[in-house]
Amino acid sequence: MTVPTTAGVAALRTVTCGGLVHLLGDPCDAQPLPEKHNVLGIGDAALAAFAIAVVQGRDAALVRHEPKDHGTCRQIDGVYDETLPCVVFFSNDADQAIVEGLGLDVRQWTRVPAGQGWPDHLSPLPARALPHQPVHDFRDCAELLVDRTFTRSSGELADYYFETLTPAHTYRVAAAFAAAQQGRTWGAAVGVRWGGAYLAAAVALSLGLPLLMADPDGRPESVDRAPAAEPVLLVDDLVNTGRAFVRCEPLLAAAGLSPAGRTALFALGRRSPAACGEVSVAARLIHEELVVSHSHTPVS
């Protein structure tokens, strides 16, 4: 096992405030990632791993502390090839132990320092050109699962499930999604944990914005610091009922941030839910005829 190192990412760290996480530093300071390796991030280092990967035109995956209890139940979610060795970004010994327990072929460990507190100012990521190829139909990037009954993150049962976190980790999709956000002035890009955070990272890197992650299950906490000068863009990978957007807004308000835009990679159903206001969507994930052909669950 390679000895964990912080070389090249000493400037990358996460700082937290309630349900918000702010990523600092220049991911281009990182050493070039080895070819034909999985890029994995866990815990506080997950966003840093993706930021480093995306500026190098690479895909990445998230290692969960525990397998999720809905969808595919994968503990490694994103772009991951079991036949390839791995480079892993982590922040503490506990996270490293979780990855070691998975029996992966890890060739390189990189420790990303994590700190607590909130910065005096929201530091923008340096703008980077993310070359992209047009994605003609984002729906082709989602994985439709129909082989069993699935528990959605809301707790509802359904006999189909769309796996959307993998395209959120995919460089081609993330870069094309970021390119679609051009033309507006934002104070920050805020990703809804977890899938939205990776798309927001691509947007922040493309436009040179501060990058934050909002946890819908986090708690609001006041921040006595200078807020972003402009309204922020709230980003998610999948919008269904709009619950995640609604629950993130108090977190932003407590930090003096005002969401003026809401965007998502996919919308579940035929129309954007009214609960989350106006949402720009890269693709309607399902048309009624698609669901009917695979499932008995009605489209609401």
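Asp105 counts as partly exposed because its relative accessibility is 37%, on a scale where buried means under 20% relative accessible area, exposed over 50% and partly exposed in between (1.4 Å probe, protein chains only). Its salt-bridge partner is Arg107, with the closest N and O atoms 2.8 Å apart. Arg107 is partly exposed too, at 46%. This is a predicted model, where local features need pLDDT of at least 70, side-chain atom pairs count only at pLDDT 80 or more, and totals for chains, interfaces and linings use all residues. Residues are numbered from 1 along each chain as its sequence is written, and side-chain values use heavy atoms, with hydrogens and water left out.

**Salt bridges**

- The count comes to 9 salt bridges, each being a side-chain nitrogen of Lys or Arg within 4 Å of a carboxyl oxygen of Asp or Glu.
- Arg219 bridges to Glu221, the closest N and O atoms being 3.2 Å apart; Arg219 is exposed at 55% relative accessibility, while Glu221 is partly exposed at 34%.
- Arg262 and Glu249 also form a salt bridge, with 2.4 Å between the closest N and O atoms.
- That pair links distant parts of the chain, 13 residues apart: Arg262 sits in strand β15 and Glu249 in helix α6 (residues 243-254). Helices (H or I, at least four residues) and strands (E, at least two) are DSSP runs, numbered from the N terminus.
- Arg262 is buried at 18% relative accessible area, whereas Glu249 is partly exposed at 26%.

**Aromatic pairs**

- There are 3 aromatic pairs here; rings of Phe, Tyr and Trp (its six-membered ring) pair if their centres lie within 6.5 Å, and planes under 30 degrees apart count as stacked, over 60 as edge-to-face and the rest as tilted.
- Phe50 and Tyr198 have ring centres 5.1 Å apart and planes at 80°, so this pair is edge-to-face.
- Phe50 lies in helix α1 (residues 46-55) and Tyr198 in helix α5 (residues 195-207), so the pair ties together parts 148 residues apart in sequence.
- Both of these residues, Phe50 and Tyr198, are buried.
- Phe90 and Trp109 make an edge-to-face pair, 5.6 Å centre to centre with 90° between the planes.
- Phe90 belongs to strand β6 (residues 86-90) and Trp109 to strand β7 (residues 106-111), so that pair ties together parts 19 residues apart in sequence.
- Phe50, Trp194 and Tyr198 form one aromatic cluster.

**Helix α4**

- Helix α4 (residues 171-179) is mostly covered, with 7 of its 9 residues buried, among them Tyr171 and Phe177.
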